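Let's take a friendly walk through this structure, one region at a time. Please have the sequence and the 3D view ready.

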Amino acid sequence: MTTAAPPRTALPSVGRVCRTRAGVELKEFFRQRESVVFTLLFPVILLLGLGAVLDYDLGSGVDFPQYFMAGVITAGIVGASLQNMAIHIAGERSDGTLKALAGTPMPKSAYFVGKVAQVVAVTLATIVVLLLVGVLVFGIDLPSGSDWLTFAWVTVLGAAACTLLGIAVSSLARNSRSASATVTPIALVLEFVSGVFMPFDQVPGWLQDVAAVFPVKWLAQGLRSVFLPDSLAAREPAGSWELGTVAIVLGLWCVVGLLLCVRTFRWQDR
Amino acid sequence: MQKDHLLPTTRELAAGPGRRPTEPDPEAAISIRGLVKRYGERAAVDGLDLDIRRGEIFALLGPNGAGKTTTVEICEGYRGRDGGEVRVLGVDPAKGGRRWKADLGIVLQSGAGDSQLSVRELLTAQASYFADPRDPDEVLELVGLTEKGGARGRTLSGGQRRRLDVALGIVGRPKLLFLDEPTTGFDPEARRQFWALIRSLRELGTTMLLTTHYLDEAEELADRVGVIARGRLAEVAVPTALGGRGTAPAVVSWTEHGTRRTAETTTPTAFVTELAARFPGEVPDLAVNRPTLEDVYLTMIGDRS
């Protein structure tokens, strides 16, 4: 350079860009009526609908709504993470949003931090609404003592695994519609065989084994330990809540999901 | 690197004083030497050389599949290359980091996609990624979207959306702006407004690489045009001189005794003066035409495809 270069202004810090992205992602989600209804309200409608129709006693003083809390929160977490990520990232890839972002000096990590912020906010909102409806409409018993801690780590691990898988799955779809058409049935089937909608001991044994490969089953089982009395642990396949296995399997799925993301994530359509 | 396929114009441009033509010019906005990009067996770009000076508007023309988009996307850092050297603002795009990207503005063909954010929110978010951004409100003013600042992106018309794309492209105060077919789908009035916007950006000193299918657009805006055909740069020239337009014979036409007459001449001024002497007043239906940019462009790509 022959001319004197003007002093170079520093690039914004990664933290600042992450905050911007978090704000963008929250607005993108909560301003879109379809995603709010589909992701946030669908589990609430499930709880109200099934809770009103199914009214049987599972023993130990547990009625259906009390049993279903663990299941419907599982469905809420899977919707906020796996389905939400797969569908919206596929959409952002097919409409050029990702390509445009990749052409800016935005640190790539900030995009994912923004997505995580969105998942955290939507998951929290879903859980709060479901607990409120559960308590106010069905009078369910809230967890007590150390169950809250279990609730927290199972939710965090489960949401993390499903978020990473959702980001990975988004690369398989051509656009948000095909992502929705693929991932929604898969999520529903996994939820059915994982004891989300009916007691897990009513699921045929071989289907239980299939379900045990996937994270949804372990997420639901971990949450059952939070919402059900320990006497019902006897109805689980192992006769206990297996919280150690829950942590290991969900942790493994986080690793698998992360590896898949790193290997498959694309910023533009092929 | 094999250079014998290069046309003289390109070779002259490539070789600065005291510099071998195989080395890219780090002072140029964009400098490309012997660029090769293959998709499978096919070479989409096959030994392309190009220099774009700082401060100019350069239009890249060429039919679909000629390697235009591939070349531009390699410069933008979106694609890797299989051979040759590329410097964009002195940096190899394959190694360009955040600091390098902060000096670029990219307006993609596809636009920015759907968003729930307002126009102003989108610009503010985009500005926050850059080191020295422009004020989003000033940018809105510049692209004529001030009144739409509060509107959601998807409520905009096609022309307004494209202006938003440009706003997003320039809010980072780029030294180099890529414009990929910016006016496709515009009505004539929207295109003229858009051209005025591009000219005002030029006055701010922004270098621009424009790809377009509209030859009138290239002629209107560009300081120089380059024609890509079959993965190579066929010619680079100012729009009025491309394909020997400037020195090609002019065609004079007029009506005499009720019939249309035409004549080719290399001295149209003298010819018209002579013609004027033969008529008492105006020469009926007088027209002097040179080959249009479209004529020479079609000849150029026709020769090679």
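Which residue is the bridge partner of Ser253(B) in E11(B)? In this predicted model, the bridge partner is Thr262(B).

Put together, the strands make an open sheet in the order E11-E10-E12 (chain B), with antiparallel pairing. E11 and E12 of chain B are at the edges with a single partner strand each, so one side of each has no neighbour in the sheet. From one strand to the next, the twist averages 20°.

A helix joins this picture too: helix H9 (residues 268–278) of chain B packs on the sheet and touches E10, E11 and E12 of chain B. The direction of this helix makes about 10° with that of E10(B).

## A helix pair in chain A

Now over to chain A. Helix H9 (residues 215–227) and helix H10 (residues 243–264) of chain A have axes that come within 9 Å and cross at roughly 145°. The crossing of H9(A) and H10(A) is left-handed.

On the H9(A) side, the contact includes Pro215(A), Trp218(A) and Leu219(A). These and other residues of H9(A) meet a set in H10(A) that includes Val246(A), Leu250(A) and Trp253(A). By class, the contact of H9(A) with H10(A) has eight nonpolar residues, three polar ones and no charged ones.

## The annotated span

UniProt, in an unreviewed entry, places the feature "domain: ABC transmembrane type-2" at residues 34–268 of chain A. In the model, that span is 73% helix and 0% strand, and its end C-alpha atoms lie 25 Å apart.

## Where the chains meet

The contact between the chains takes 24 residues from chain A and 23 residues from chain B. On the side of chain A that touches chain B, the elements giving two or more residues are helix H1 (14–30) and helix H4 (97–102) of chain A. H1(A) supplies the largest share of that side, six residues.

What is the make-up by class of the side of chain A that touches chain B? There are nine nonpolar, eight polar and seven charged residues.

Key: Residues are numbered from 1 along each chain as its sequence is written. Chains are lettered from A and ligands numbered from 1 in the order in which they are written. This is a predicted model: local features need pLDDT of at least 70, side-chain atom pairs count only at pLDDT 80 or more; totals for chains, interfaces and linings use all residues. Axes are lines fitted to C-alpha atoms, for helices over the stretch in contact, and angles run from 0 to 180 degrees between N-to-C directions. Helices (H or I, at least four residues) and strands (E, at least two) are DSSP runs, numbered from the N terminus. A crossing is left-handed if the near helix is turned anticlockwise from the far one by less than a right angle, and right-handed if clockwise. Two residues are in contact if their C-beta atoms, placed from the backbone, lie within 7 Å. Ala, Val, Leu, Ile, Met, Phe, Trp, Tyr, Cys and Pro count as nonpolar, Asp, Glu, Lys and Arg as charged, and the others, Gly among them, as polar. Two strands pair if DSSP finds at least two bridges between them. UniProt positions are given in the numbering used here, feature names are shortened, and annotations may be inferred rather than shown by experiment.
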